[in-house]
Amino acid sequence: MNVVSTVDPRDGRRRATDLTETDESRVDEIAGQASRATRWLTDLGRRGRAELLDAIAAALEDRRTDLVAAAETETGLAHARLDSELTRAAVQFRMFGDVLRDGAYVEAAIDHAADTPLGPGPDVRRMLVPLGPVAVFGASNFPFAFSVAGGDTAAALAAGCPTVLKAHPSHPLTSHASAAAIGAAVRDLGGPEGVIGIVYGEQAGRSLVRHPAIRAAALTGSVNAARAIQAAIDERPDPIPLYAELSSVNPIVVLPGAATDRAEGIAEGLFTSFTASGGQLCTKPGLAFVPAGRGGDQLVDGLRERVAGAGGAVLLNERIRDAYEIRAAEFERAGARVSARPQVEPGAGFAVAPRLLEVDLKGLTAEIADECFGPLMIVVRYGDVADLDAALDTVPPSLTGSVHRGPADDAHVVRRLVDVLSARAGRIVFDGYPTGVRVSWAQHHGGPWPSTNAVHTSVGATSIRRFLRPLAWQDAPAWVLPEELRDDYTTIARRVDGRLTPAAE
């Protein structure tokens with residue numbers, strides 16, 4: 001078996017671990033355990049699974065020191081960032097506990113037998129039920145919140161789906177430790193092997209999604225990774241859904257009034273947003289449309305000053321570092337000019353210099369408007385707001401689109417921009433920055449292709465829907481029905497004979 005190694009991106013040093021890549025027979029064993037664990041999660045019920053999620057959150061927090069230390073050495077991300085991300089992971093598990101206790105997510109509906117305009121109608125009852133075991137592929141840029149202990153895992157377990165994780169090669173030790181924390185919480189509640197599982201290695205990931213026990217897959221990663229996983233899924237005799245969050249440019253439009261009113265503040269916010277965590281956030285703004293004129297000039301000057309004085313950013317791995325340098329060079333060859341770039345001494349690790357590039361609106365091409373993963377942003381200078389509609393059509397659909405308004409900006413212009421961005425993004429941000437995704441009931445973290453390949457969100461309460469399917473019971477005896485569909489059950493909101501019935505106080 002191949003030994004799994006890990007690399008510290010701060011110095012580039014590779015070291016072996018005690019982990020080995022998972023062979024096909026072991027993948028089969030883990031997937032089989034997951035299939036058998038489905039019954040236990042179902043029997044726990046909503047309240048029991050809520051207790052499990054709370055216990056997982058507590059287990060992660062109890063191991064905070066060791067988990068954050070492991071992630072520091074494997075990602076090069078700052079301690080404070082990782083500590084906050086671990087808190088977010090725990091918050092996600094607890095939020096889904098609240099979703100389970102609320103219960104409305106099952107969308108329970110009851111139509112009692114009745115005469116209808118088409119004749120006698122049967123008794124029909126419907127709700128959402130678990131899909132079955134889910135494969136989750138950990139993300140490189142979030143070793144906790146979008147990885148083994150991430151929102152996909154929390155949502156899948158909340159839905160009642162055992163989860164098998166494909167550890168990301170950039171942080172295998174962090175992945176292993178996170179899975180151990182979750183597994184300990186499961187065992188403390190008497191859970192079997194298979195509620196949570198983990199595999200290592202690229203081939204193991206392919207074998208996992210081809211396994212007949214796996215009923216869905218989730219990924220936060222690149223378009224190429226999604227295509228490779230989809231190719232493996234396509235080898236199955238029965239298709240399963242892949243929910244993938246992928247590439248995003250996240251354009252920001254600064255209107256003239258906003259640039260005049262608060263140029264310095266926007267410059268500071270943009271700089272922080274595109275350089276935080278080495279620019280390795282899925283909601284990092286890659287393009288900023290800034291007006292010509294004094295206010296826009298002041299804003300861009302502020303950005304240049306901040307970027308020129310910035311230090312190097314350590315990227316997550318060698319592949320990401322190399323892709324960043326290649327893409328930056330491609331932008332320059334396509335006509336984007338360097339506006340600011342600090343001098344960064346070359347080192348043994350994966351450090352790069354942040355870059356601010358600039359292009360006039362007429363020079364914006366599809367090549368320049370593409371994503372660059374890392375601390376790079378392109379400022380697009382425009383003269384007339386009316387020209388922005390066509391320019392934004394050049395930008396690939398994204399997770400977010402942002403508009404900064406000023407007191408002098410016309411409401412009609414803002415509404416028009418919102419219409420354009422709404423067709424090309426999943427979240428519209430006003431007078432702010434897209435980084436810093438809130439974990440909440442109303443959140444939507446998704447968008448048209450290539451930002452995602454589905455209409456679902458990967459953050460927030462409704463992300464649980466990815467791992468559920470509808471099931472209807474017709475003329476069923478009461479004893480065989482789930483409790484949520486029995487007449488005397490009033491704990492959750494339901495639609496009964498067409499009318500929404502709130503939960504009893």
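Predicted model: local features only at pLDDT ≥ 70, side-chain atom pairs only at ≥ 80, totals over all residues.
Q: At what angle do helix α1 and helix α5 pack, and how are they described relative to each other, parallel or oblique?
A: Helix α1 covers residues 24-62 and helix α5 covers residues 172-188, and their axes lie 9 Å apart. The angle between the two is about 130°. Angles over 145 degrees would count as roughly antiparallel and those from 65 to 115 as roughly perpendicular. With an angle of about 130°, α1 and α5 are therefore oblique.

Q: What is the handedness of the crossing of α1 and α5, and how many charged residues does the contact have?
A: α1 passes α5 in a right-handed crossing. The contact is made by Trp-40, Leu-52, Ala-55, Ile-56, Ala-59 and Leu-60 of α1, together with Ser-178, Ala-181, Ile-182, Ala-185 and Val-186 of α5. By class, ten of these residues are nonpolar and one is polar, while the number of charged residues is none.

Q: Which residues touch the most other members of the largest nonpolar core?
A: The largest nonpolar core has 110 residues. Helix α1 gives the most to this core, with ten residues. The residues touching the most other members are Phe-93, Phe-289 and Phe-467.

Q: Which residues does Phe-467 touch, leaving aside those up to four places away in sequence?
A: Phe-467 is one of the residues that touch the most other members of the largest nonpolar core. Its contacts, not counting residues up to four places away in sequence, include Asp-152 and Tyr-243. Also among them are Val-129, Pro-130, Leu-131, Val-134, Ala-155, Ala-156, Ala-159, Cys-161, Ala-216 and Ala-218.

Q: Which residues of helix α6 are buried, and what covers them?
A: Within helix α6 (residues 202-210), the buried residues are Ala-204, Gly-205, Ser-207, Leu-208 and Val-209. Their cover includes the helices α1 and α7 (223-233). It also includes the strands β7 (134-137), β8 (163-166), β9 (196-199) and β10 (216-220).

Q: Which residues meet in the contact of α6 with α7, and how many of them are charged?
A: α6 passes α7 in a right-handed crossing. Arg-206, Val-209 and Arg-210 of α6 meet Ile-229, Ala-232 and Ile-233 of α7. Four of the residues in this contact are nonpolar and none is polar, and the number of charged residues is two.

Q: Is Phe-137 buried or exposed, and which residues does it touch?
A: Phe-137 lies in strand β7. A residue under 20% relative accessible area counts as buried, so Phe-137, with 8%, is buried. Not counting residues up to four places away in sequence, Phe-137 touches Phe-146, Lys-166, Gly-205, Val-209, Ala-218, Leu-219, Thr-220 and Ile-229.

Q: Where is Ser-247, and is it buried or exposed?
A: Ser-247 is placed in the loop between β11 (242-245) and β12 (252-254). Apart from residues up to four places away in sequence, Ser-247 touches Val-223, Glu-371, Pro-397, Pro-450 and Ser-451. Its relative accessible area is 13%, so Ser-247 is buried.

Q: Is the peptide bond from Trp-449 to Pro-450 cis or trans?
A: Most peptide bonds are trans. Pro-450 lies in the loop between β20 (425-430) and β21 (468-474). For the bond from Trp-449 to Pro-450, omega is near 10°, and the bond is cis.

Q: What is the phi of Asp-497, and is this residue buried or partly exposed?
A: Most residues other than glycine have a negative phi. Asp-497, in the loop between β22 and β23 (499-501), has a positive phi of about 50°. With a relative accessible area of 43%, Asp-497 is partly exposed.

How values were computed:
Residues numbered from 1 in each chain as written. Heavy atoms only, no water. Axes fitted to C-alpha atoms, helices over the stretch in contact; angles between N-to-C directions. Helix = DSSP H or I, 4+ residues; strand = E, 2+ residues; numbered from the N terminus. Parallel < 35°, antiparallel > 145°, perpendicular 65-115°, else oblique. Left-handed = near helix turned anticlockwise from the far one by under 90°. Contact = heavy atoms within 4.5 Å. Nonpolar A, V, L, I, M, F, W, Y, C, P; charged D, E, K, R; others polar. Buried < 20%, exposed > 50% of the residue type's maximum accessible area, 1.4 Å probe, protein only. Core = buried A, V, L, I, M, F, W, Y, C linked by side-chain atoms within 4.5 Å.
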